[in-house]
Amino acid sequence: MSDDLKKGLEGVLVAESELSYIDGDEGRLVYRGYEIGDLAERASFEEVLYLLWHGELPTASALSTFEDELAANRTVHDDVLETVRRLAEADANPMAALRTATSMLSAYDDEDGEPGTRAEDLAKGKRITAKMPTVVAAFKRLRDGNDPVAPREDLDHAANFLYMLNGEAPDDKLAEVFDMALVLHVDHGINASTFAAMVTASTLSDIYSSITSAIGTLKGGLHGGANQNVMAMLKEIDDSELSVVEWTRNALEEGKRIPGFGHRVYDVKDPRAAILGDQSRALGNASGELKWFSYSQVIEEFMQQETGIAPNVDFYSASTYYQMGIPIDLFTPIFALSRVGGWIAHVLEYQEDNRLIRPRSRYVGATDQAYVPVEQRE
């Protein structure tokens, strides 16, 4: 491979950003100057959204207004819910359903000021962020044969989603853990889905197109789908007669990839994995069932000893979500419910000094083919 060819754009700088900083050597993640651990412990998801979109943490008054605006935009048009119903009845992939419904939401969204302006994109982005949880919760309930639960404006973003998902308000601990998970997942530099959103936005397309592009990208198993693979692995271990170490060793010897380990950016443990590991253990202690956390901990220790590879955020988010009663195939849609905030922030930032993203490839095919009429081809 030539030195100037960067397969997968690895190490290629395409933009400057003030949104999130990743130190892969030290295991740090920073949103606009704030350490992720500090924000996860002390800030709500709404506060972090405001920080990413507006460049500063909100005052109490600004936060209250922002929360009210999000809450007031949670309701989804009946036509969109009918489409979600049909997708649920067809047993569609949840990410495909979210992608379709998000695209459809654009048909019921009025222009907000001058088309293509930051003000319009921010207003629409706010509505997309508010409505996506309603779509995901409705899909899950309709698939289970239940009616959707209408959103409540008196609950925060995290608690309202769990309420719509299960039909009852969550206890404080579950709401707190879920809110923390949203904070941890909201942004992570120019990852694949964020880049997809930026590429679409760079053409001066609309914000709905950008978010739909990002959802399609997040759907892949090498990106957002990894946490589902982690939980599938843990359940396979639970059903196995082998010990956790034996199962993991066998998988490695067979050349299998252990999901939830390794990262393109981090050389050490993902700081988000450390935080979610603590939450997975806390949920296990609260329920009296620690096996999912224990399995994960044993795998982490074994992988560190045998390969030196550390876990990423997907590894512990799997057992955390599962212990909250969330179906495995909703893990990636839930990732999207958070990451949409980062997608919007990067689109807004990039369009401040927009340039069409248009990389090139090196042609390595033939250059001297002669056309042969179809009747003479063998």
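The helices α5 (94-105) and α6 (118-143) each supply at least two residues of the lining of the largest cavity; helices (H or I, at least four residues) and strands (E, at least two) are DSSP runs, numbered from the N terminus. The model is a predicted one, in which local features need pLDDT of at least 70, side-chain atom pairs count only at pLDDT 80 or more, and totals for chains, interfaces and linings use all residues. Residues are numbered from 1 along each chain as its sequence is written, and side-chain values use heavy atoms, with hydrogens and water left out.

Rolling a probe the size of a water molecule over the atoms shows where empty space is left. On a 1 Å grid over the protein atoms alone, a cavity is a set of points where a 1.4 Å probe fits but cannot get out, while a pocket is an open set with protein on both sides within 12 Å along at least five of seven lines; lining residues have an atom within 4 Å of a point. Points are joined across faces, edges and corners, and a volume is the space filled by probe spheres set on the points.

How many cavities of 30 Å³ or more are there? The count comes to two. The largest cavity has a volume of about 40 Å³, and its lining consists of P94, A97, L98, V135, V136, F139, L330 and P333. Eight of these lining residues are nonpolar, with no polar and no charged ones. (Ala, Val, Leu, Ile, Met, Phe, Trp, Tyr, Cys and Pro count as nonpolar, Asp, Glu, Lys and Arg as charged, and the others, Gly among them, as polar.)

The second largest cavity holds about 30 Å³ of space and is lined by P133, H157, A158, F161, F178, L182 and L337. Two or more of its lining residues come from each of α7 (157-166) and α8 (172-185), and α7 gives the most, with three residues. Here the lining has six nonpolar residues, one polar and no charged.

Next comes the open space. The largest pocket has a volume of about 1,500 Å³. Of the 39 residues that line this pocket, I190, N191, A192, R264 and V265 lie nearest its centre. At least two lining residues are supplied by each of β1 (20-23), α9 (192-202), α15 (313-323) and α16 (331-350). The lining of the largest pocket has 16 nonpolar, 16 polar and seven charged residues.

Side chains of opposite charge can pair when their charged atoms come close. A salt bridge is a side-chain nitrogen of Lys or Arg within 4 Å of a carboxyl oxygen of Asp or Glu, and the whole structure has 17 of them. One joins K291 and D238, whose closest N and O atoms are 3.0 Å apart. Because K291 lies in helix α14 (residues 291-306) and D238 in helix α11 (residues 226-239), the pair ties together parts that are 53 residues apart in sequence. K291 is partly exposed at 26% relative accessibility, and D238 is partly exposed at 27%; buried means under 20% relative accessible area, exposed over 50%, and partly exposed in between (1.4 Å probe, protein chains only).

Another salt bridge joins D154 and R152, at 2.7 Å from N to O. D154 counts as exposed at 58%, whereas R152 is partly exposed at 27%. E82, R85 and R86 are linked in a network of salt bridges.
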